[in-house]
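Here's a quick tour for anyone opening this one up for the first time. Have a look at the sequence and the model, then read on.

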Amino acid sequence: MQLLIVLLWFRHGTPEQVQTTRITKLCNTKDIVTVNGMYPGPVVYAQEDDRVIVKVTNESPYNVTIHWHGIRQMLSCWSDGPSYITQCPIQAGQSFTYEFTLVKQKGTLLWHAHVSWLRGTVYGAIVMYPKAGVPYPFTYPYKEHIIILGEYWLKDVVQLEKAVLASGGGPPPADAFTINGHPGPNYNCSNNDAYKIDVVPGKTYLLRLVNAGLNMENFFSIANHRMTIVEADGEYTKPFTTDRVMLGPGQTMNVLVTGDQSIGKYSMAMGPYMSAQGIPFQNISAIAYFQYLGALPTSLSLPARLPSFNDNLAVKMVMDGLRSLKSGHVPKEIDQNLYYTIGLNVQQCHSPTPQQNCQGLNNGTMAASMNNISFVKPKISLLEAYYNRINGQFTEDFPGVPLKFYDFVNGAPNNSPNNTQSMIGTRTFVLEYGTRVQLILQDTGTVSTENHPIHLHGYSFYVVGYGSGNYNPQTAQFNLVDPPYLNTIGVPVGGWAAIRFVADNPGVWFMHCHFDIHLSWGLASVFIVKNGKGELETLPHPPADLPRC
Ligand code: C2O
C-alpha cells in the first residue's frame, strides 16, 4: 500500500513536490503517511508578514487536514486546519489550498496533521525569519538547526486510535522517542539511526526545538552544555540559561548553545516527563549527538543528564524563567472572566461486551473534559455550521465556570464518590469581537492530576500566573509586566494557570489538550469569536475548494 500526501507550496515561485514512504525503524519496516515523502516533513521557511500558500493533495488512504500550530490566522480561520472544527477533512484523492499571512509573526512553530493521530508521522517545522535587515535580539548564531522531538509507533496510528477508543482503556506507550525522526543508540537496531550536529569549537548555535509528540511531554538536555532560551512559542523571551528544558507536544523553543567545552562527542537526550500516576510510558531516552569537529567518530559520547520522569520542580524552574522580552502589552482590564477545569473522567460501561470495551479504571471507559463536559466532534465543520447558520451541530452554552465548585484537585465532580462521569456535548462559548478575556485553567484530580499542555488555536496568550493546588484569587500572584506569550501552556500538575488574550480574530477556535489521547477523549472546547464592526474585523467567505464532509 502506498501512503502519500503531496504537499505543494509556492513561495518564491518554486513549487516543491515529493512523495512517500516506506521506512525501517527499530528493525521493522512499514508504510507511514508523510508529506512529500519526508519524515519529519518539509520545513516551511518564511519571513515575517509573508503570505503562505500551501496546496495539500491527499494521496494517502486516510482523511487528512494540516494545522499551522501557533499561526494567528488573522481573518483566515478557514485555513486553520483542525478537522470538524474549521473544515471537513481532505478526503483521499482531494486537494485543499491553505492560505494565510504571518502577521507580525517570527520564530519557530510547527505544522501537523489534525485528524485522528496522524500527527504521529505528519509534522514539520515552520521557521519565520524577521524581515530583511531586522536583527535577532541576541547574538547572531554561527548556524541554526531544527530539533523535532517525536514519538514513533510500530502500529498504524489511525488504527491505534480506533483500537484504544474501542477498548475504553488507556493507550500503550510509544515504541520509541525520536529526535528528528531518529531514536538513537538506546533502542534496538538503532545504533546508526541517530541524528548528529557537527560543531565548530567556540561557535554558537541556535537550536529550534519543537515537540511534535503525541501523548508525552519531554525533557531535553545536552551533555556538559547549557542552553539559553531566547524564544518560546514563536515569541522572543528574555535570555534564560538552563541545563534542561521541558516541552509539551505543540510547544517550541529557541535556545542558544555554545561549543565551549573540550573537543568531544556529547549526547543530546530526550526523555519523558510524566506527571500523572500509574500510567505506563516509554522510559528509554532518544539520543542524538552534538559532535565537535576533531572528535574521533568512534569516541564514546558523554551522557546527557535528564531530570527524573516526575521532576515537577525542574519543569517549574524553566517556567519561572520564561519572560517576554518586551513589557507592557498585557491586557490590564478584563471584560470576560472564565474558569475552566481540565481533567480526566471515567464513564460508566454501556457496552454489552465490557471485557473488550470497558478496560478503563473500575471497568469503565476513559474520557476527559473541560468543565466536566467531554467534547463531541460534530458531523460537519463547526465553522461552516456557524457561518451558514446550519442548526443542530453545536450549542452556544459552554459554561464560563464549572457547573459545580468542589475541591477540584482532591475531590470528585459528582455526589457519589465513585461517580467520575462527565457530560457530553458540542458546546461553544461565544465572545464578542474585542473582548478582553482572562481564563483560569484548573487541573482536576478526578482520575489523576497531570500536567496538560493546553493549546488555543488562532491566538497566543499571556500566561499571567500559575501555581499549585486550587486557584485562589486572594492569594494568586500575577505577573502583568512581562509574562511569556505562548500558544500552548503546560498547566501545572494539580495546579492552575491564568491566561489573558484579546478576542480580536473572528472565527471558530479550538482549545484543547495537545495530548492526542486526551483530545480523543474530549478534553476540548471551542470559542466562537464574532465579527467586529470596523474594517478588517469580518471573516471572509470560505474558499471555493473547502472540502465537503
Ligand atoms: Cu497543534 Cu489543535 O493543535
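What follows is a short briefing, grouped by topic.

This is a predicted model, so a word on ground rules: local features need pLDDT of at least 70, side-chain atom pairs count only at pLDDT 80 or more, and totals for chains, interfaces and linings use all residues. Residues are numbered from 1 along each chain as its sequence is written, and side-chain values use heavy atoms, with hydrogens and water left out.

**Aromatic rings**

- There are 33 aromatic pairs in the structure; rings of Phe, Tyr and Trp (its six-membered ring) pair if their centres lie within 6.5 Å, and planes under 30 degrees apart count as stacked, over 60 as edge-to-face and the rest as tilted.
- Take phenylalanine 281 and phenylalanine 309: their ring centres are 4.9 Å apart and their planes sit at 45°, so this pair is tilted.
- Phenylalanine 281 is in the loop between β20 (265-273) and β21 (286-292), and phenylalanine 309 is in the loop between β21 and α2 (312-321), so the pair ties together parts 28 residues apart in sequence. Helices (H or I, at least four residues) and strands (E, at least two) are DSSP runs, numbered from the N terminus.
- Phenylalanine 309 is partly exposed, at 33% relative accessible area (buried means under 20%, exposed over 50%, partly exposed in between, with a 1.4 Å probe and protein chains only).
- Tyrosine 340 and phenylalanine 527 make a stacked pair, with 6.0 Å from centre to centre and 15° between the planes.
- Tyrosine 340 belongs to strand β22 (residues 336-347) and phenylalanine 527 to strand β34 (residues 524-529), so this pair ties together parts 187 residues apart in sequence. Both residues are buried.
- Ring pairs also link Tyr339, Phe405, Tyr406, Phe408, Tyr471, Phe478 and Trp496 into a cluster.

**Charges over rings**

- Lysine 30 lies over the face of tyrosine 152, 5.3 Å from the ring centre. The rule here is that NZ of Lys or CZ of Arg is within 6 Å of the ring centre and within 35 degrees of the ring normal.
- Lysine 265 does likewise over tyrosine 289, at 4.5 Å from the ring centre.

**A six-stranded sheet**

- Six strands form an open sheet with mixed pairing, in the order β12-β11-β14-β19-β16-β17 (two strands pair if DSSP finds at least two bridges between them).
- At the edges are β12 (176-179) and β17 (235-242), each pairing on one side only.
- Strand β11 (residues 143-152) and strand β14 (residues 204-211) run parallel over seven bridges, and isoleucine 147 has leucine 209 in β14 as its bridge partner.

**Asparagine 371**

- Asparagine 371 sits in the loop between β23 (365-370) and β24 (373-375), and asparagine 371 is buried at 2% relative accessible area.
- Its side chain reaches the backbone oxygen of tyrosine 339 at 3.2 Å.
- Leaving aside residues up to four places away in sequence, asparagine 371 touches several residues, including Tyr339, Tyr340, Phe398 and Pro402 (contact means heavy atoms within 4.5 Å).

**Helix α1**

- Buried residues in helix α1 (residues 157-167) include Val157, Leu160 and Val164.
- The buried residues of α1 pack against α3 (354-357) and α5 (516-520).
- Just after α1, glycine 168 takes a positive phi of about 80°.

Conventions: Polar contact = N/O pair within 3.5 Å; in protein donor to acceptor, adjacent residues only side chain to side chain.
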